[in-house]
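Let's walk through a protein model together, one step at a time. Keep the sequence and the 3D view side by side as you read.

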Number of protein chains: 2
Amino acid sequence: MNFLNEVVEFMKDLQDNICNHLEELDGHSTFMQDLWEREQGGGGRTRVINDGLLIEKGGVNFSHVHGELPSFLKDKYPAGEKFDATGVSIVLHPQNPFVPIIHMNVRYFQLDTGEYWFGGGIDVSPAYPNIEDTKAIHEHLKKVCDNSNETFYPTYKAWCDTYFTIVHRQEMRGVGGIFFDHIHAENTFLNREQLLGFIKDVGNAFNPIYAFLVKNNRDKPYFESNKNWQYIRRGRYAEFNLVYDRGTHFGLQTNGRVESILMSLPPMASWVYNFIPEPDSEEAHTLPFFQPQDWV
Amino acid sequence: MNFLNEVVEFMKDLQDNICNHLEELDGHSTFMQDLWEREQGGGGRTRVINDGLLIEKGGVNFSHVHGELPSFLKDKYPAGEKFDATGVSIVLHPQNPFVPIIHMNVRYFQLDTGEYWFGGGIDVSPAYPNIEDTKAIHEHLKKVCDNSNETFYPTYKAWCDTYFTIVHRQEMRGVGGIFFDHIHAENTFLNREQLLGFIKDVGNAFNPIYAFLVKNNRDKPYFESNKNWQYIRRGRYAEFNLVYDRGTHFGLQTNGRVESILMSLPPMASWVYNFIPEPDSEEAHTLPFFQPQDWV
């Protein structure tokens, strides 16, 4: 099996494992699947879950697309280059406002000239501050990173903090996690096979991390005011994804399947003019809590 | 009174007139006002109305900002240029899904070298097709345009159709109206005073157009399914404004007041994966109805 096939098979298995795990966790809803093909080559398996006991809306998408580089990328590479891109991308919007939104992505890109890179990450956007959860997530991600290279966690944690900033509001989307892009042998000191090992570790970290967050928070009672705050934070999530997210823009610019790309958008979100939480409320403590800090 | 002052005074009066009219129409809620100042010069009066009988959320904003050109515009003009920009911008999200979202903007920009331009428009984003309303709006706007120049309506109507396209979905935001930008004596055959006359006509057309739409639709009974469709269309409205809208991007890039710029975002919106209306339902007829066509 060549390297590309190995990556693609891993991505498909990862999607299967995560969907199975999430259906068990949810206990009510199951995933529906849409298979799609891309005119210029390749396609994907979009899987969506709705109206669950745990998950209000979620997507776990696999895709493997290939063909000629889209024109807006041809400046960077010789024209006519053939590429392959494959990955799994997840966003889950939970029912309970005390369960965070979670996002995970692992991806691989290669050109037929031999150039390649990996990218991905896991990050968490709660609506409420939670020190125990945040520490545990970051500790888990640090272990995953350290297993490959001890420079990864501090680098990719900082990258995540920078990346998931809602610049126009000078606000963080959440408590971060790890984010990395365009990593390859020349900028990591790991070879391609070792990097695939790292990517597998990141992908496989999703289930235990989400299970932990769910277990801690899914049964917390909540009120209308908590749900309203969740809607406002989801509005910010939509703002980030539509204004800044690279994956979203790349997808929309390459004629990707719109409904698969935008499955990340919330089931229900609100924008309230100049909403200022009650002083000293949990809501008021949320944004300061999101300021980048050392969690490990 | 110099020309700039005349424009600024018109803009302020327009804001006052429209707010008074909307409070009367609403019959319950009133506007709250936030005065703000821009560090680099100028400021504005942001007026917002919420939870009305008619209006679920709306903003009627005036601003007049000035200072040195922001750096991303300095490529286009000699560095250090001083500018003034003033305008009124409105977005109203109604309670009743049969009342369209309406957007109006009139704006004036000048440099101390003497260059200037006007921009603006009125456009309507219903959630449901309505031939009578759409014809009446376009006829009204045609009259407003014809009063200044008979080339305006066909040109600015087509510009509006092009501009308010949600490109990645190949979907129109609504039934259009008129849109124009960077118009001045050299590209309109009108002088600056005459163009201000046109701008005044556009601004003053807002009250009768909205009153007409409200009268026709505010008392229509609606069900949860209609409200859910309105939430989905509002999601598209947010998509357009965050991904494509020039005014939004200009505001965010020039360190504008974020809450004033984003007052256009809906009070509550939803994204449902791959939502496909029932065949032959009113919802299913909406997008085909939005396809650009001659309404006059």
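Is Arg246(B) buried, partly exposed or exposed? Arg246(B) is partly exposed, with a relative accessible area of 40%; here buried means under 20% relative accessible area, exposed over 50%, and partly exposed in between (1.4 Å probe, protein chains only). Before going on, please note that this is a predicted model, in which local features need pLDDT of at least 70 and side-chain atom pairs count only at pLDDT 80 or more, while totals for chains, interfaces and linings use all residues. Residues are numbered from 1 along each chain as its sequence is written, chains are lettered from A and ligands numbered from 1 in the order in which they are written, and side-chain values use heavy atoms, leaving out hydrogens and water.

Let's look at chain A as a whole. It has eight helices and nine strands; these are DSSP runs numbered from the N terminus, helices being H or I with at least four residues and strands E with at least two. The radius of gyration of chain A, 19 Å, is close to the 19 Å that the globule rule gives for 296 residues, so chain A is as compact as a globular protein of that length. (This radius is taken over C-alpha atoms, and the rule is 2.2 Å times the number of residues to the power 0.38.) Of the 296 residues of chain A, 60% count as buried.

Now for charged partners. Side chains of opposite charge can pair when their charged atoms come close. A salt bridge is counted when a side-chain nitrogen of Lys or Arg is within 4 Å of a carboxyl oxygen of Asp or Glu, and over all chains the count comes to 30. In one of them, Arg234(A) meets Glu56(A) at 3.0 Å, N to O. This pair links helix α5 to strand β3 of chain A, 178 residues apart. Arg234(A) is buried at a relative accessible area of 1%, and Glu56(A) is buried at 10%.

Return to Arg246(B), which forms a salt bridge with Asp181(B), the closest N and O atoms being 2.8 Å apart. Asp181(B) lies in strand β9 and Arg246(B) in helix α6 of chain B, so the pair ties together parts that are 65 residues apart in sequence. Asp181(B) counts as buried, at 8% relative accessibility. In chain B, Lys157(B) and Asp161(B) also form a salt bridge, at 2.7 Å between the closest N and O atoms. These two are four residues apart in helix α3, which means that about one helical turn separates them.

Finally, see where the chains meet. In all, 30 residues of chain A are in contact (heavy atoms within 4.5 Å) with 30 residues of chain B. The two chains bury about 2,600 Å² between them, 64% of it on carbon and sulfur atoms; buried area is the accessible area (1.4 Å probe) that two parts lose on being put together, summed over both. Glu259(A), Trp271(A) and Tyr273(A) supply 33% of the area that chain A buries against chain B, more than any other three residues. Two salt bridges are counted between the chains, and Arg169(A) forms a salt bridge with Glu259(B), the closest N and O atoms being 3.0 Å apart. Among the elements that give two or more residues to chain A's side are β1, β2 and α7, while α5(A) gives the most, with six residues.
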